[in-house]
Amino acid sequence: MSATGMRLRGLVRKEFLQIVRDPSSIAIAFVMPVALLLLFGYGLSLDVERVPVALVVESPSADTADFVASLRGSRYFAPAAVPGMPQAERALLEGRVDAIVRLRADFAARERSARGAPVQLVVNGIDANTARLVEGYMDGALTAWMMRRAAENGRSFAPPVDVEHRVWFNADVRSRNFLVPGLMVVIMTLTGALLTAMVMAREWERGTMEALIVTPVGIGEILLGKLIPYFVLGIGGMLLSVAMARWLFAVPLTGSFWLLLATSAVFMLVALGMGLLISSVARIQFVAGQVALITTFLPAFLLSGFIFEIGNMPRVVQAITHLFAARYFVAIVTTLFLAGDIWSVIVPNTLVLALMAVIFLGLTRLKTRKRLD
Amino acid sequence: MWGRVLALVVKEFITLLKEGRSREVLIVPPLIQLLVFGYAASYDLKHVPYALYNEDPGPGARRLAAMLRGSSSFHEAARVSSIGEVAPLVDARKVLVVLHIDARFTRDLLAGRPARVQLIVDGRNSNTALIAVGYLRQIVQRFDAQWATEHALPAPPAALETRAWFNPNLESRWFFLPGIIGILTLLITMVITALSVAREREQGTFDQLLVTPMRPVEILLGKALPGFIIGIVEASAITLIAVLWFGIPLLGSLAALYTGLALFLLSAVGVGLMISSLAVTQQQGLLGAFLFMVPAVILSGFATPIANMPAAIQLITLIDPLRYFLVILRKVFLEGAPAAQLVHQFWPMALIGLASMAAAGWLFRHRMY
């Protein structure tokens, strides 16, 4: 075995021993992904179901009873009858219901008039997204009810245009199908950066870096010695997450597993490289930890396109998202899981990730010198 | 007693602010993050790229296409003339939606038969997909209404009239920005507190602190006050930016807001110190900070409603102080809720704060190596 190989093996062995002795690295690599994915995979959902709705029927009749029955049958709503608007408004204010549906006293009469009867919907607009979904579902429920009634009465009622929508890649529109792969990216970003953010700073702070400097070990070898063990850990954690996504959360893996593994390896290099860079620039664990807290989680959560669409952001913010690796990996992962091996998405994004890995590791190499300043 | 606490507070401030990098870390990023995240966090869609696949040369299709082009929510990114061109566009994420107008569209419209329009949507983000479909359906409804009046068709027997309280235009930024204030406040307090005890333990200075005449309560106060003070100052700055720059209405009273902020900081500082005194090394402290902060943010109801979560997870959110603070922020900002209405958000945070502070103080003496 060459001298480099020997030295590298020694460093890797030392790092592994350190990992085993302080279980927090193992916790970061394995316990954290499992715990977080479990919690969020079940916890996060944008699918609105059984929204509590206050129902005010001002003068009950056969027509209104029919409409109420059709609302009760819908899986999107959990309607509760309320005697009047004041009570309904209080329930909305106190957050006991998310919406009020009001059928006025003249509903039955106006329904037969030329201009039609208004159905009043009051939503709590604070959660605008839920409010919009509720409005959409209510509109759908109303249209379905009118069409059914028209058919029963032998009349035909249909809006002039019939819109049929098909959702590709996620036919039953389960938000979990994109949230779980997106969460995997957030969690891998955290694991990667957390694993390495402290390690170089720790050596500097404890003075063991000085000891390393006087040995024949080269800087490249020191860095590789840090990179290899944590890379192995990180990939282990990633495999665990993929298995959970696939079998526990039943997210279909449409694309190839090997492609997912290969792109994950590139991404893991970026995440670890970023941690190493923070660590070598900061040189103090305290500061390295602070920087890692600030630069990893929230950008990966908010700027990666995992929840918030990047195309909607102002141009300046879109430009900023290009600085975060999570953005590219989210595109790759959601495509591989839901859409398949689409090269026009995977190749460019992987190339950028590879470039980022080179930059981060190269900068780390430049910033780490065998010198005491 | 207060003299000793003050001395420790001064020392903590010096450690936090002396180091140039640490000072920058505390002050600059939260403000930048507010600006960046404030613009990033929104579910409202603008300029959705779509492709038009129109097989109908008639005036009906032309008008529908024109209405779509005139909408600010959509942006025509491509025209398609055969079904084979659709998949590559959607696959490569060049377009989010394809609107396919059937060749018989105008003929069916004139004959009073349902005229077919097909939407193909990229479901890789199913939330975005649903929102885009909703927008398109609204445009089609406007088209329907125009067509019906022009051709004297009977109006539908009932129609929905929607009113949205507290946020009439349903702008989701109004929902997210108060949330970001809460998240950034949590981030700042974690950055200040989570490593502070762990660092002293690792460097051995905590043992020295323990043999001084300072009682654990005094050490606790000395460690907690800097986080509390910096938290108040930065949260105020962030709130000011949210109101003045982003124009989020602040309808409620500052008293309600600051009561909530003080209790939230109590609980966040408490949890941070508890993590810090549980950790033996700074690495463990950092891990603890993440293990608390990531779930605290994701399960707080910030991006996805707590009501959508399964019952077991909803139980877990009860110990998340951010959950209560977000409710307070949103209610005070947008509803103008008075403090009296928020009591049920106040007391759980006070409880979490006191319990975690007590645990941290206990751990000071009982976790020694």
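Analyst: Happy to. One definition to begin with: a residue is buried if 20 or more other C-beta atoms lie within 10 Å of its own, exposed if 12 or fewer, and partly exposed in between, with C-beta atoms placed from the backbone. This is a predicted model, where local features need pLDDT of at least 70, side-chain atom pairs count only at pLDDT 80 or more, and totals for chains, interfaces and linings use all residues. Residues are numbered from 1 along each chain as its sequence is written, while chains are lettered from A and ligands numbered from 1 in the order in which they are written.

User: What is A:Gly340 in contact with, leaving aside its neighbours within four places in sequence?

Analyst: A:Thr254 and A:Gly255. Contact here is when the C-beta atoms of two residues, placed from the backbone, lie within 7 Å. The C-alpha atoms of A:Gly340 and A:Ser256 are separated by 7.3 Å, though these residues are 84 apart along the chain.

User: Switching to the chain contact: how many residues does each chain put in?

Analyst: Chain A gives 95 residues and chain B gives 95 residues. On the side of chain A that touches chain B, the largest share comes from helix H6 (residues 128-152) of chain A, with 12 residues. That side divides into 60 nonpolar, 22 polar and 13 charged residues. For those classes, Ala, Val, Leu, Ile, Met, Phe, Trp, Tyr, Cys and Pro count as nonpolar, Asp, Glu, Lys and Arg as charged, and the others, Gly among them, as polar.

User: Which strands pair between chain A and chain B in the parallel sense over eight bridges?

Analyst: Those are strand E5 (residues 161-168) of chain A and strand E4 (residues 115-122) of chain B. Two strands pair if DSSP finds at least two bridges between them. Within this pair, A:His165 stands opposite B:Leu119.

User: What else does E4(B) pair with?

Analyst: Strand E3 (residues 97-101) of chain B runs antiparallel to E4(B), joined by five bridges. There, B:Ile101 has B:Val117 as its bridge partner. E4(B) is also mostly covered, with six of its eight residues buried.

User: Nice. What's the strand order in the open sheet of five strands?

Analyst: The order is E2(A)-E1(A)-E3(A)-E4(A)-E5(B), with mixed pairing. Strand E2 (77-81) of chain A and strand E5 (158-165) of chain B are the edge strands, each pairing on one side only. Strand E1 (residues 51-57) of chain A runs parallel to E2(A), and five bridges join them. In that pair A:Val51 stands opposite A:Phe77.

User: OK, helices now. How do H11 and H14 of chain B pack?

Analyst: Helix H11 (residues 254-278) and helix H14 (residues 321-335) of chain B pack at an angle of about 165 degrees, with axes 10 Å apart. Axes are lines fitted to C-alpha atoms, for helices over the stretch in contact, and angles run from 0 to 180 degrees between N-to-C directions. H11(B) and H14(B) are therefore roughly antiparallel to each other. Angles under 35 degrees count as roughly parallel, over 145 as roughly antiparallel, 65 to 115 as roughly perpendicular and the rest as oblique. The residues of their contact divide into eight nonpolar, two polar and no charged.

User: And how do H1 and H10 of chain B cross?

Analyst: Helix H1 (residues 2-18) and helix H10 (residues 216-244) of chain B cross at roughly 40 degrees, their axes coming within 8 Å. H1(B) and H10(B) are therefore oblique to each other. Their contact divides into nine nonpolar, one polar and four charged residues.

User: Last one: how many residues of H8 in chain A are buried?

Analyst: Six of the eight residues in helix H8 (residues 199-206) of chain A. They are A:Val199, A:Met200, A:Ala201, A:Arg202, A:Glu203 and A:Glu205. Just after H8(A), A:Gly207 takes a positive phi of about 85 degrees.

How values were computed: Helices (H or I, at least four residues) and strands (E, at least two) are DSSP runs, numbered from the N terminus.
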